[in-house]
Amino acid sequence: MKSKIPSILIFSRLIIGFIIISLSLLKIENYQIITVILLSIGLLTDIFDGIIARHLNVSTQKLRRLDSTVDQIFFVSVGIAAYIQCPEFFKINAYKIIILAGAEALIYLVSFLKFRKEVATHSIGAKIWTLLLFGTLVQVILQCQSVVLFTLCFWVGLLTRAEIIAILFILKTWTNDVPSVFHSIQLRKGKAIKKSKIFNS
């Protein structure tokens, strides 16, 4: 049963994302607070599913690919919910959001064209960006605006998307959990890379 915990955490994040959309449509009382709590729980499941999987020695490629896919669905769900509640923010920042979404789509396109698999690099930069994205979404949900944090999120997002694309081009074969461009170069040379037991499998 313990071996199923990471999968349960991953799928719980999927359910949380759909609940957040439902709450935004229903426009329930205290929506903002409830949504931020659910978003925080979702982030914690994202952090601990990998840590627990590595601790239990069940961190497989299949699980890491599932984790990446669910991450995308989860944050898109939260984004949709935020749009329902705060459409003006998305209208004002439409071009930046479209650019970010395009950059995200591009890394998946590159990965599918080169490896016939979705991306699952789980780079350190991407993890940092996830925290910035989390903070931005919290601010938008609570205040329907975000200036400084969203700008930072935008530029860091572009930089980390560019790094992931570089990692994909450098790798000879599909590999999950590649912390950085430096590590992808080492892998290309056939060298083993050192990964954090906490942050990477």
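This is a predicted model: local features need pLDDT of at least 70, side-chain atom pairs count only at pLDDT 80 or more; totals for chains, interfaces and linings use all residues.
Against which helices do the buried residues of α5 pack?

Residues are numbered from 1 along each chain as its sequence is written, and side-chain values use heavy atoms, with hydrogens and water left out.

**First stop: R13.** Select R13, which lies in helix α1 (residues 5-26); helices are DSSP runs of H or I with at least four residues, numbered from the N terminus. R13 counts as buried because its relative accessibility is 0%, the limit for buried being under 20% relative accessible area with a 1.4 Å probe, protein chains only, and that for exposed over 50%. Next, display the side chain of D71: a polar contact of 2.9 Å joins it to the side chain of R13. Such a contact is a pair of N or O atoms within 3.5 Å, one able to donate a hydrogen and the other to accept it.

**Second stop: helix α5.** Select residues 94-115, which form helix α5. Colour its buried residues: K96, L100, A103, E104, I107, Y108, V110, S111 and F115. They cover an arc of only 155 degrees around the axis, so they lie on the same side of α5; the arc is taken from the directions from the helix axis to the C-beta atoms. Then show α3 (61-85), α6 (124-143) and α7 (148-170), against which these buried residues pack.

**Last stop: the other face.** Select Y95, I98 and L113, the exposed residues on the face of α5 turned away from its buried side.

Technical notes:
Helices (H or I, at least four residues) and strands (E, at least two) are DSSP runs, numbered from the N terminus. The expected span of a helix is 1.5 Å times one less than its number of residues. Contact means heavy atoms within 4.5 Å.
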